[in-house]
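Subject: A structure for you to explore

Hi there,

Here is the structure I promised to pass on to you. Please open it beside this email, and then read on for what was found in it.

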Amino acid sequence: MHHTRRSVLRGVWAVGALATAVAAGLLSPGRAFAAWNKGAFEAKNTADAMKALGVSNAQDSRDIQILAPDIAENSAVVLIEITSNIPGTTAISVFIEKNPFPYTGTFDVSQGAVPYVQLRVKMGESSPVRVVVAAGGKYYTTAKEVKVTIGGCGG
Amino acid sequence: MRHALVLGIAAAVAAAAPWPQAAAQTPDPTAAEFDKFREIMEQDNPAELFEVKGEELWRARRGPKNASLEQCDLGLGPGVVKGAYAQMPRYFADADRVMDAEARIVHCMMTLQGFTYAELAKQPFSSLVRTPDPVSLVTYVAAQSRGMKLAAPQNHPKERATYETGKAIFHFRAGAFDFSCASCHGVDDKRIRTQPLPNFTKPDQAIRAVQGWPGYRMTGGVMHSLQWRMNDCFRQQRFPEPGYASETVSALLSYLTVNANGQVYRGPGIKR
Amino acid sequence: MAEPMKIRATLQGDVADVRVLMAHPMETGQRKDAAGKLVPLHFIQTITAQLNGKTVFAADVSQAVSRNPVFAFKVKGAKAGDKLSVTWQDNTGDKRTDEVVIRAGS
């Protein structure tokens, strides 16, 4: 059973809600960490995961680059490399839409990192890989289809 | 006049020595993309975690004799690890046989540290919960030949004889399917599902038998060496298992490596 | 029992290109072992990186990340000799921190 882990992210999601909560005195200003987002990680579809993260009105953007294979050699290790060219990017989130739990993670680049990340993921089946970028209090998104297939014998 | 002379020379050369196929295999875009992403991932390869583990095992005092492997002679002198993997399989006088790297490591673990063959051969291949010590060790040893040209020697009569034995095994049809290694790996342009099957009888494709092994296999996320790969090929051919670290495996690896000699070994890789 | 990470941090101008190899099974809770029993959920949930003690990168991730995870990220304002540490924590509470010194680029 997993502990309810504290998120390590600065409150990059639901910026509006967090600001409201702080203003309402529900959270002290110094404590910007939300609980590890169980709701998002346990959501069974991308829409619910995004809702749990407070992502709304994500605009399609061509300024997010996803490097991932068209066909993955092995669905257990699929390379995804993301670069956001959107100014003011604070976080990058990844959803593998057809996975049993699509929300795969969020990378907080607001504290001194370049808006870039490379990760390797497990995919249950061919699926769009969707990226959402938070920048300047707004959300931007793009997706890339990755096909998975069984391989042969060797290698 | 000069044009005709050049053509004449070209014709003479072509007649004298059959020119190898310029394009070894028909390029396949899916396979090319697999290679591209695998090469990106190999720049940061989980195999490196096993290299680190292997080096610790190399230096640690272990076994009934409480000794390290630092005096193990991999062919370039006791304790010389750099470059040794690229020059194996080779003949070792103290064992009076040709050995591949893992067989030699097993030999050193037995003679220097006192481990028995029985205990090392019992479960010699990685599982999800356990990586056998020789696998981590051969990953470390192989990494020390990263970037070097393969140069498995053919100086000693037994080295040459072992190559011929390996070639014979490679072409030997047996088992329920009447397969030999050559059935899949002896002809150009063969494929199983999405995996292209290189023709190991040709030097420019034989490199693919050696390159990337030991390899971090994406299937299962485990480290596997050529000892595993040969065993698994035999299984796929419906052959009985070859002995772990046996002369049979050393012979096959001798055949494959010598065929690839001269080409650069890029170190432990990532495999499907 | 947390096993060591391998971290490589190379300078490109004033940006440290960081590559981290982690040893972790990243079990999804859906795999059956040899005896047919479900292997419990066991995965890295959070990752942070510090430059000379200050957090510069952080991530929350799921069990969909591959076994023996590999991550790459880039940290601004780094110089050769700076200390770069990475910490991961998993759903059982297990934790691991490793540190390297940033090397000058080639």
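**Two helices in chain B**

Helix H7 (residues 157–170) and helix H11 (residues 247–260) of chain B pack with their axes 7 Å apart, at an angle of about 95 degrees. Axes here are lines fitted to C-alpha atoms, for helices over the stretch in contact, and angles run from 0 to 180 degrees between N-to-C directions. H7(B) and H11(B) are therefore roughly perpendicular to each other; angles under 35 degrees count as roughly parallel, over 145 as roughly antiparallel, 65 to 115 as roughly perpendicular and the rest as oblique.

Which residues meet there? On the side of H7(B) they include Tyr163(B), Gly166(B) and Phe170(B), and on the side of H11(B) they include Ala251(B), Tyr255(B) and Val258(B). Two residues are in contact if their C-beta atoms, placed from the backbone, lie within 7 Å. By class, the residues of this contact between H7(B) and H11(B) are 7 nonpolar, 6 polar and 1 charged. Ala, Val, Leu, Ile, Met, Phe, Trp, Tyr, Cys and Pro count as nonpolar, Asp, Glu, Lys and Arg as charged, and the others, Gly among them, as polar.

**Before you go further**

This is a predicted model, in which local features need pLDDT of at least 70 and side-chain atom pairs count only at pLDDT 80 or more, while totals for chains, interfaces and linings use all residues. Residues are numbered from 1 along each chain as its sequence is written, and chains are lettered from A and ligands numbered from 1 in the order in which they are written.

**Chain B as a whole**

Chain B has 11 helices and 9 strands; these are DSSP runs numbered from the N terminus, with at least four residues for helices (H or I) and at least two for strands (E). Its radius of gyration is 20 Å, close to the 19 Å that the globule rule gives for 272 residues, so chain B is as compact as a globular protein of that length. The radius is taken over C-alpha atoms, and the rule is 2.2 Å times the number of residues to the power 0.38. Of the 272 residues of chain B, 41% count as buried. A residue is buried if 20 or more other C-beta atoms lie within 10 Å of its own, exposed if 12 or fewer, and partly exposed in between, with C-beta atoms placed from the backbone.

**A sheet in chain B**

In chain B, 3 strands form an open sheet in the order E7-E6-E9, with mixed pairing; two strands pair if DSSP finds at least two bridges between them. The edge strands are E7 (222–224) and E9 (268–271) of chain B, and each pairs on one side only. On average, neighbouring strands of this sheet are turned by 30 degrees against each other, direction ignored. Helix H6 (residues 133–143) of chain B packs on the sheet and touches E6, E7 and E9 of chain B.

How do the strands pair? E6 (residues 212–217) and E9 of chain B run parallel over 4 bridges, and Tyr216(B) stands opposite Ile270(B) in E9(B). E6(B) and E7(B) run antiparallel, joined by 3 bridges, and Gly215(B) stands opposite His224(B) in E7(B). E6(B) and E7(B) form a hairpin with 4 residues between them, and Gly220(B) in the turn has a positive phi of about 95 degrees. E6(B) is mostly covered, as 6 of its 6 residues are buried.

Chain C has 0 helices and 7 strands, and buried residues make up 42% of its 106 residues. Its C-alpha atoms fill a box of roughly 50 × 25 × 20 Å, taken along the principal axes.

The contact between chains A and C takes 32 residues from chain A and 29 residues from chain C. On the chain A side, these divide into 17 nonpolar, 11 polar and 4 charged. Strand E8 (103–108) of chain A is among the elements that give two or more residues to that side. E8(A) is joined to strand E4 (residues 54–61) of chain C by 4 bridges, and the two run antiparallel. Asp108(A) has Ala58(C) as its bridge partner in E4(C). Chain B also touches chain C, with 6 residues of chain B in contact with 8 residues of chain C.

**One residue in chain A**

Is Val132(A) buried or exposed? Val132(A) is buried, with 25 other C-beta atoms within 10 Å. Val132(A) lies in strand E10 (residues 127–135) of chain A. Val132(A) and Ser93(A) are 39 residues apart in sequence and 5.1 Å apart in space, C-alpha to C-alpha.

Enjoy looking around!
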